[in-house]
Amino acid sequence: VLDIKWMPESPSRPEVGQLGINLQSLTLNLDAPETKNPRVAIYTYTESGEKVQLKRWDPRSTMRKVSNTLAMAPKVGKYVDWERTMRRDKVTGQLFKKFTAGNHGWNKEEKAWKWSNLHGAQYSIERTPFRKACCERKQVLESGGAGNVVKPNLITLPACRVITAGILSRSLHPVTHRQAVLMADQIFNRCGAVPGILDAIIVQGDAGEASESLAKAKEEFAELGRSWQDVKKYMIVAHELQVMMGSYGLNLFTPDAVLESGRPLSLGMLEIKDPYPGQTKTLWLRYCRAGDGQRFNSRILADGDGSLRGGAVKLDFDVEAEPDAANAQLQLSKQEFVNCFCSSPLLSETLRQFSTTDNSTKNVPEGIAINLDVTISDPTKEEADADLMDTLNVRQAVLLEIWDADMADDFLGECLLPPLGSLSASSKRYVLPVLPAPPEKGSTRYHSKKFAKVNCEGFLHVEASWTFPSEEVPPLPDAADMERRVKREEILHTGKLRLKIVKAEGLKGASRSFRREGSNPYVCMYVRNEALVEKDKIPPGFDQYGWHQTALGRHECYWTTSKKSATRNPEWNEEKEFMLRTGAFERRTKQAYHLELTSRQATRNRDDYYASVLGNKEELRMYFGSKDVTGPGTQHSVQIYMGDNMHQFKDKLAAACKAEAAVETNRKRKLQLEAAAKDVGHRHSVMVFVPSVKLRELAQQGKVGVNSYEYKRLYRIEEQDPSSWQPLDSICTFMHYSNIYSFGRSVAQRLRVVDSTEQYKLKNNRLRQFEREQKKLNERLVELNTPSKCFGYAKFQHPSDASSAEWRPAIIDRSEQVGTSKRSYKVSYVFSKQIANPAMSDDGLTPGPMYQEELDEDSILPVVSDPKIKDSIRGEHKEFLARAKILKDQGISESEIVRQLNAELKKTWEKARDSEDGDGAALPTQPPTITLADVQEAIRSKDDDATLGTFPAGSTLATLSPTMSPASTR
């Protein structure tokens, strides 16, 4: 009994990584196993078949090795192997346990050799290579004599036939062997193609010179007076017998069938009465083969005595002749097999009845509760509401105070700048009245001189603009590290204030007699965070009312203008820019002033800041199944089981929060529990904590690594990093993830329940990737309808059946022909060997263009009623092609018009791409180029207004410029 853990270096190299093995026990089926004292060694094989022993990883430092040697600790060998667990006496031969061995050695009760955790857990060195075939999950192909040989990690269509026939026969379904094979092909075949005999006749004489089409050949035989006889029903019965005798093989007249019968193949064996005895005749078969549904004809000559002279009729796919196509048509992965099986009521219901014959529940074992440590992020939505308020209103108040510069500065009044959210990106002038300080606490900055009885008068002229965010938000790649995600959050919550103090008019004069002509005014700027309320805990850098403070506890003055002498109407004309963060974001991320004397302090402060930017401060902890934890979070009786899916888990979590709220005495926690009980639902995502590779390596070192400073630092920061949490599929159970994330162990697994808002998706790379994968899985090919491609049906002509037509599903490309009554379209069939195996390019290394056929308009049938591929002009080209007629009238050639419009189209797309707001959505794709046919179609149009819809009333050439805003481009 052993535990195996494989840690690949990267998804691109699954064969290179580190292997961990924990040997627990060994049972020997021998006489007197207690006398053997075995040892275990691990070997692997290289790609060339060479046998090598795994080298062992030693995580100890030099000092640790010295201390272990002095303490006589177990040696760490060069290779991964387990030495003998007991010591054998050289004289008597008896076995004795080693000193302080514990549960290490022979166990009488279990009759097995045991290894303790100290000796049993061993790891290979990092970046250990293994055979790629043993580590790769996808199908692995090896070069063989007959082409590519597929490893047995896929199931073939013949195996599906045997499984289907076995299930139907055991459930007493009245079907024959051939019918069971046809059902299996219809269920598991990608094309849904079912093999069978379409027609069969016996014609007098040799029919080798007849038409390739059997239908036309019958007409020719009637005109020539040659007789023929329909034998289709006899061939179907013969095929039925062949399938039954050939272990579900579909081919007719095979050599094995002839050997089993012991006599030559003849019409008599097929129970067909010879219609032309003593004459040469031809047995003509028209059939559809399995796999791809191709139609074929087979003409077999028969002698005068009825003996058949011909080879096998291959109704099954020819694997030897077409190995590449067989890999695509006749093999299914595990997921495909399960999906096909469950989608068939005939098989799924039959199998369900097998497992539900015993309805008694007395033998059903009781469910085992699993240990979970669950965190609900922002249960009351306070942080989400704060971010919303920041979007609507920045919640940063800008106060302008006017002072008189003298021996003891006098207060002349103050002005409050309009809310930053009401300012525009273009600078505007504001005339602000100079007012005295209001008496309400917190509404103005506190200063003793401001509340003296003074008469404030005059006006202050300012120019202000507000740009939010302060700069263009860069797009966020999927593999963005924490620093880039923090930088992006800072940009999203930072605006730029451009303020210009122009002048003041009618300020109060000085109170002293020697300065009756005026004052010496200057302006000071202060900022207050309006997201702070008095009941909040005061964060560092603020006073109790939200006014910014310096490290010395004084109010922070952002700007002081120059001082003007002896005037009541000063003019400054001074301008400055300020970068201000939104109120809630600043409140959450503001750090105390500190000195960073060591690199460890700098790293810790940086980690704390990153956690405050990306993490949630409002969290609610709940515990399930843990007996070691008591107190808040455990005052409920709800249990979570391995068979619960994520939907059921969220329902149970809401029930646990409701039960916890009923007995909770803390008011804040009670409100959080009540909010979580009502709000947790389909919008929330369940996520599991996934530590980084470095954190896992430290954990594998045991107590030494877990107790280290680096482990605690990484765990603290990764716990708050949203990208360290992997979302779980809502329809999957904990059992599905038990091997991946160790659900059901004694140690509680960490889970986080988060409202999947767009803002949170920007912080979590894993959630964005997970949603893209889910969206891709939910896409249906039949819903494809774009200006370039559309799903539909096209006439497929069978090359081996006189080009007989069949409507097959296909992807239809947009036609490049214009100005013609009938257009031709390029189609690529969904189910064909050419689609599964596209042609190679000239270099022989990369796939070339997909195989396509060109068909006329009568040979295609789009599924949707309004296919976009039939639009005369693409939607993204209409605004540009509106100018084609005008440019043509100006004497510009059509080729030059194409060049100019494509240049403008590319310029517009690049502008839209560069100005993307970085909201986590995919960047706009580059539109296809404008062709000469598009320009000719636009010029030929008689009514540009009706066709293009881009000539509004009163428009001119200047208004028809194709310069589009980013929003219109998207």
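User: In this predicted model, which hand does the crossing of α13 and α15 have?

Analyst: The model is a predicted one, and in it α13 and α15 cross in a left-handed sense.

User: Which residues of α13 and α15 meet?

Analyst: From α13 come M482, E483, R485, V486, E489 and E490, and these meet Y609, Y610, V613 and L614 in α15. Sorted by class, that contact has six nonpolar and four charged residues, with no polar ones.

User: What makes α16 roughly antiparallel to α17?

Analyst: The axes of helix α16 (residues 646-663) and helix α17 (residues 667-679) come within 8 Å and cross at roughly 150°. Because angles over 145 degrees count as roughly antiparallel, that crossing makes α16 roughly antiparallel to α17. The contact is formed by A654, C657, K658, E660, A661 and A662 of α16 together with R669, K670, L673, E674, A676 and A677 of α17, and by class it has seven nonpolar, no polar and five charged residues.

User: What share of the residues in the protein is buried?

Analyst: With buried meaning under 20% relative accessible area, such residues make up 42% of the 970 in the protein.

Notes. Residues numbered from 1 in each chain as written. Predicted model: local features only at pLDDT ≥ 70, side-chain atom pairs only at ≥ 80, totals over all residues. Heavy atoms only, no water. Axes fitted to C-alpha atoms, helices over the stretch in contact; angles between N-to-C directions. Helix = DSSP H or I, 4+ residues; strand = E, 2+ residues; numbered from the N terminus. Parallel < 35°, antiparallel > 145°, perpendicular 65-115°, else oblique. Contact = heavy atoms within 4.5 Å. Nonpolar A, V, L, I, M, F, W, Y, C, P; charged D, E, K, R; others polar. Buried < 20%, exposed > 50% of the residue type's maximum accessible area, 1.4 Å probe, protein only. Left-handed = near helix turned anticlockwise from the far one by under 90°.
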